[in-house]
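Please keep the sequence and the model in view while reading.

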Amino acid sequence: MKAAVFTEPLKPSSLSPLAAATVPLQNWIHKTGRAKPRCLEYLLVMLTALMCACSGPWNNPYPDSDAGKNILYGAFAERPKHLDPVQSYSSNEILITAQIYEPPLQYHYLKRPYELIPASAAKMPSVQYFDKKGTRLPDNAGDEQIAYTIYEISIMPGIRFQPHPAFAKDQQGEFLYHRLPEKELTDIHKLGDFPHTGSRELTAEDYVFQIKRLAHPRLHSPIFGLMSDYIIGLKEYAETLRTADEAQLKEQGSDAYLDLNSYPLAGAEAVDRYTYHVKINGKYPQFKYWLAMPFFAPIPWEAERFYNQKGLAEKNINLDWYPLGTGPYMLTKNDPNRMMVLEKNPNFHGETYPSEGMPVDEQADLLRDAGAPLPFIDKVIYSRERESIPRWNKFLQGYYDASSIGSDSFDQAVQLAGQGEATVTEAMQEQGIRLETAVATSTNYMGFNMLDPVVGGIGKQGREAARKLRQAISIAVDYEEYVSIFANGRGIPAQGPIAPGIAGHREGKEGINPVVYDWVDGRPRRKPIEAARKLLAEAGYPDGMDAKTGAPLVLYFDVTTRGTEDKSSLDWMRKQFQKLNIQLVVRNTDYNRFQDKIRKGNAQIFEWGWNADYPDPENFLFLLYGPQQKVGSEGENAANYSNPEYNRLFDRMKNMEDGLKRQQIIDRMITILRHDSPWLWGYHPKEYGLYHAWYGNIKANRLSHNNVKYFRIDAGLREQKRSEWNKPVVWPAIAGLIVLVASIIPAVVVYRRRERGAGITSTESTIETQMS
Amino acid sequence: MLNYIIRRVLYAIPILIGVNLITFTLFFVVNTPDDMARMQLGIKRVTPEAIAKWKQERGYDKPLMFNSGDEGFTKLTNTIFFEKSAAMFAFRFGRADDGRDIAYEIKSRMVPSLAIALPVFLLGLGVYIVFALIMVFFRATYVDFWGVVLCVALMSISSLFYIIAGQFLISKLWHLVPISGYGQELDAAKFLVLPVIIGVISGAGANTRWYRTLFLEEMGKDYVRTARAKGLPESAVLFGHVLRNAMIPILTGAVVVIPLLFLGSLIAESFFGIPGLGSYTIDAINSQDFAVVRAMVFLGSLLYIVGLILTDISYTLVDPRIRLE
């Protein structure tokens with residue numbers, strides 16, 4: 001609402017229909033000659049002015065000046081904790097960081113299976129293998145020969161960083177803001193308060209600088225532990241930096257600047273201005289996927305120097321709050337309590353929309369923009385929306401361009417067609433809303449703690465009995481039913497740990513888990529419960545009773561504290577176990593205690609999930625790799641499963657390139673897992689997204705997050721629809737006012753009568769009458 | 001009066017220490033420093049070394065309340081409790097566990113909180129008192145009866161229902177104001193209309209009944225009979241005498257909450273997307289950010305004490321017979 005509206009006189013032509021309707025009302029007041037208080041007139045004029053001020057719908061949460069602009073509107077529920085690429089790892093953070101930072105590689109937006117292509121790199125990295133003596137090995141050299149690998153990455157020349165005060169220089173070429181005295185900071189409250197900005201060309205050194213930052217003693221990179229196993233010298237580098245930092249902190253205090261450029265890292269070096277090397281211990285083919293994540297995006301040393309100044313961090317002016325990158329967008333407003341705004345980076349080096357895709361992309365009109373320069377959208381506004389109800393309603397009103405579907409709005413949004421295919425409901429269709437679905441590259445599973453004597457087993461016989469018990473439970477717990485009831489059909493029952501779309505995953509008959517399913521009529525069918533009972537009896541628990549003691553079998557299911565809405569799913573789980581006459585005791589605890597139990601191996605059966613970092617089977621299969629056990633190793637193997645053959649095969653498989661040989665090893669590994677059943681494989685969630693008609697170029701891509709540059713918005717259509725859908729309905733307010741006035745009138749009448757019937761005037765007149 | 005105020009301020013110190021102690025104990029019973037580190041560092045690929053480093057940097061690697069490894073007084077001072085609590089008394093709230101400056105956040109979030117809380121408080125006070133006086137004026141009539149029924153009905157409904165119903169009717173069905181959001185300066189007005197209306201309505205039942213009871217009690221007193229006997233109109237009796245004499249209990253309830261208005265509303269801010277201190281506290285609890293929770297509880301206790309002192313002072317303003325000594 002503009003302040004000018006209140007000061008400028010209203011012109012009749014500018015009145016809205018509603019405002020015009022109020023003018024006769026004012027005239028009527030004057031004509032009747034009734035002495036109405038003037039404040040009523042003022043009130044009406046003010047109301048009219050307010051209504052006119054909103055030229056669009058009254059419930060529009062955005063300024064009128066943004067109407068019709070090429071802006072994408074989204075929402076976020078939880079504010080991002082980190083925007084520094086060395087620390088940021090959460091899915092809600094990467095939605096922002098992936099648009100700003102530009103790592104050397106990215107995933108092709110349209111092609112499936114996922115394919116890596118250059119982003120800021122000039123071409124795909126060259127991978128060179130070397131032996132202990134430093135002799136170059138052929139590409140097909142055996143793993144045992146390879147001592148280290150060099151990734152040579154060449155970047156495109158001419159790429160420039162976004163405008164930023166860290167680069168601003170004076171006429172003498174000195175940095176303007178690198179040594180700011182404290183008094184100059186008094187008027188600085190946000191990054192935009194610095195009047196000057198600058199930029200410079202991206203060089204290979206900036207990538208090396210960021211790799212060094214992974215070991216920075218004052219930053220906590222979640223991948224430091226993993227990368228220090230692979231990047232040569234990173235662990236020692238962290239030690240060197242820690243020692244240097246401690247010495248500097250003692251000498252110069254808390255704002256001492258640790259200049260990483262003064263400390264070379266053996267595993268990362270710039271070869272020339274546009275080329276750098278990353279040296280990896282042995283062979284690690286998955287490293288290329290990490291090169292597509294913001295962890296390996298370039299950071300200029302100037303940013304580190306600028307943000308390290310005393311007084312800036314206290315004002316939240318740091319890289320975690322104001323990122324600096326070379327990507328298509330830059331963060332121009334960061335108020336994570338209210339909104340975050342991304343705007344086009346004027347220095348973006350340019351990229352074009354892909355001209356190749358899958359056959360279905362042509363039909364889906366996803367190649368219409370082939371070859372067009374990116375990005376299409378000028379500005380992205382993410383508003384903080386903590387609660388799902390307002391978020392959903394604002395999507396329906398057209399104020400958010402896309403929405404996920406909560407369980408409470410599922411029936412309103414989605415209906416299932418004859419073949420179980422999900423489509424939007426008629427109401428959604430009328431609004432032009434469309435549904436996009438994709439199976440997530442993640443898995444939700446139920447794990448058995450293999451260290452537990454009952455479900456893990458002790459001794460050879462005990463382990464065999466426990467295996468049969470786990471297999472029996474695998475058959476009994478009907479995940480088809482679970483997905484149908486509790487996930488509104490949004491999921492695919494899993495046949496193993498690897499999610500669809502990832503190399504190593506098999507579809508069809510050869511992909512089913514023969515322990516749990518039979519292949520009948522061209523589809524998997526869960527084995528009958530009798531098969532589970534038979535296995536249970538073989539495990540030593542006929543009809544759910546311990547054959548030795550006669551006691552009923554009681555198992556414990558550890559879950560994190562849930563609300564009442566999850567009670568039904570826990571009841572359902574109990575019933576699944578009751579099919580085998582097994583008593584399932586749910587142990588409900590808060591997430592901290594739950595994690596503690598898992599770390600210490602005190603849980604028996606638990607639920608967990610995993611989102612893939614990259615599209616390689618290694619990223620799923622390592623979750624059951626022995627050396628990754630939670631207990632003892634603090635790894636990611638929460639089931640503490642360890643099978644020597646599986647471990648051996650994993651060691652072989654992890655460094656292999658995709659191909660027939662690798663697939664054979666993966667098949668064998670999956671067979672071992674299915675036989676041992678350390679998990680109930682659970683299901684792979686299917687993600688549903690709703691998009692308005694004006695939102696184009698949508699293709700679900702669960703691994704790449706830098707997708708905003710591909711999206712397109714028809715702002716004219718959005719404006720038109722918003723006006724259509726949000727016409728103000730004033731009659732209830734007027735009716736309410738009338739009811740209120742009508743209910744007040746009798747009270748006023750009574751009040752006046754009482755006032756007249758009592759008080760000095762009437763009393764005096766009575767006395768006078770009596771006297772006369 | 002000055003002596004009284006100084007004495008009350010000094011009383012506040014042990015109260016604040018006690019509040020800090022209780023907050024600290026309750027928080028760390030549920031969340032260990034390791035849990036806090038894990039929450040901040042994320043779930044995936046967190047190493048024990050990273051957790052140890054995180055705790056060391058933030059001073060969470062020390063004993064909670066008693067450091068048996070130290071000598072003398074440092075056994076008490078070289079602890080998490082002392083180090084985190086002592087600075088609070090100098091209003092140095094420090095940094096949130098995610099590195100943000102807490103004092104800056106409090107300052108920037110106070111205005112949005114007040115933007116809702118103050119209009120709700122002032123408008124509510126006026127509306128509730130007027131309605132209560134009307135019910136008293138029409139006591140023992142159908143207006144009074146149905147007024148009480150309405151109040152009881154309003155009291156019986158959860159404030160969450162008012163919010164959801166208000167958003168549904170006014171924003172979703174009638175499209176009169178935005179469902180949620182917040183703007184700068186005048187632009188904020190359109191976002192505040194709905195939460196203010198709902199805030200006033202949700203408090204109407206209990207408050208109107210409370211004021212009605214106060215006024216009815218006053219109505220039975222001799223001075224009211226005298227005023228009527230003098231022939232004063234009923235409006236003059238109600239507004240000129242009853243209201244003034246009922247000010248002490250009204251102030252007891254009203255003045256004490258004035259400082260707390262700064263802290264905002266937990267639920268309303270969350271549903272209406274208001275970036276105030278209420279939503280800040282909720283976020284901190286959800287993310288196990290002890291630094292913020294501690295600062296907000298400390299601030300809440302302090303403002304409550306300030307409110308109580310202000311209430312005492314306000315008594316002297318409305319009743320000349322009261323002296324603070």
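## Helix packing in chain B

In chain B, helix H14 (residues 277-286) packs with helix H15 (residues 290-318) at an angle of about 140 degrees, and their axes are 8 Å apart. H14(B) is therefore oblique to H15(B). The structure is a predicted model. H14(B) passes H15(B) in a left-handed crossing. On the side of H14(B), the contact is made by B:Leu277, B:Tyr280, B:Thr281, B:Ala284 and B:Ile285, while H15(B) contributes B:Val292, B:Val293 and B:Met296. Sorted by class, the residues where H14(B) meets H15(B) are seven nonpolar and one polar, with no charged residue.

Two packed helices are described by the angle between their axes and the distance between the axes.

Helix H6 (residues 102-137) of chain B packs with helix H11 (residues 234-245) of chain B at an angle of about 125 degrees, and here the axes are 11 Å apart. H6(B) and H11(B) are therefore oblique to each other. The crossing in which H6(B) passes H11(B) is right-handed. The residues that make this contact are B:Leu133, B:Val136 and B:Phe137 from H6(B), together with B:Glu234, B:Leu238 and B:Leu243 from H11(B). By class, the contact of H6(B) with H11(B) has five nonpolar residues and one charged residue, and no polar ones.

H11(B) also meets helix H10 (residues 222-229) of chain B: the two axes come within 10 Å and cross at roughly 145 degrees. H10(B) passes H11(B) in a right-handed crossing. From H10(B), the residues B:Tyr223, B:Val224, B:Ala227 and B:Arg228 meet B:Val237, B:His241 and B:Val242 of H11(B). The contact of H10(B) with H11(B) divides into five nonpolar residues, one polar and one charged.

| Helix pair | Angle between axes | Distance between axes |
|---|---|---|
| H14(B) and H15(B) | about 140 degrees | 8 Å |
| H6(B) and H11(B) | about 125 degrees | 11 Å |
| H10(B) and H11(B) | roughly 145 degrees | within 10 Å |

## The two domains of chain B

Chain B is divided into domain 1 (2-90) and domain 2 (109-318). The C-alpha centres of these two domains of chain B lie 35 Å apart. Where they meet, 15 residues of domain 1 of chain B are in contact with twelve residues of domain 2 of chain B. On the side of domain 1 that touches domain 2, the elements giving two or more residues are helix H1 (2-30) and helix H2 (33-41) of chain B. H1(B) provides the largest share of this side of domain 1, nine residues. By class, the side of domain 1 of chain B that touches domain 2 of chain B has nine nonpolar, three polar and three charged residues.

## A sheet in chain A

Strands of a sheet pair through backbone hydrogen bonds, either parallel or antiparallel. In chain A, four strands form an open sheet in the order S1-S13-S10-S9, and the pairing is mixed. Its edge strands are strand S1 (71-76) and S9 of chain A, each of which pairs on one side only. On average, and with direction ignored, neighbouring strands of this sheet are turned by 20 degrees against each other. Helix H4 (residues 91-100) of chain A packs on the sheet and touches S1, S9 and S10 of chain A; the direction of H4 makes about 135 degrees with that of S9(A).

Strand S9 (residues 329-335) and strand S10 (residues 339-344) of chain A run antiparallel and are joined by six bridges. They form a hairpin with three residues between S9(A) and S10(A). Within this pair, A:Met330 has A:Glu343 of S10(A) as its bridge partner. S10(A) also pairs with S13(A), in the antiparallel sense over five bridges. Here A:Val341 stands opposite A:Ile381 in S13(A).

## Where the chains meet

How many residues does each chain bring to the contact? Chain A gives 48 residues and chain B gives 52 residues. The elements that give two or more residues to the side of chain A that touches chain B include strand S13 (379-384) and helix H24 (731-757) of chain A. H24(A) gives the most to this side of chain A, with five residues. By class, the side of chain A that touches chain B has 19 nonpolar, 14 polar and 15 charged residues.

Key. Residues numbered from 1 in each chain as written. Chains lettered and ligands numbered in written order. Predicted model: local features only at pLDDT ≥ 70, side-chain atom pairs only at ≥ 80, totals over all residues. Axes fitted to C-alpha atoms, helices over the stretch in contact; angles between N-to-C directions. Parallel < 35°, antiparallel > 145°, perpendicular 65-115°, else oblique. Left-handed = near helix turned anticlockwise from the far one by under 90°. Contact = placed C-beta atoms within 7 Å. Nonpolar A, V, L, I, M, F, W, Y, C, P; charged D, E, K, R; others polar. Domains from an automatic or database assignment. Pairing = 2+ DSSP bridges.
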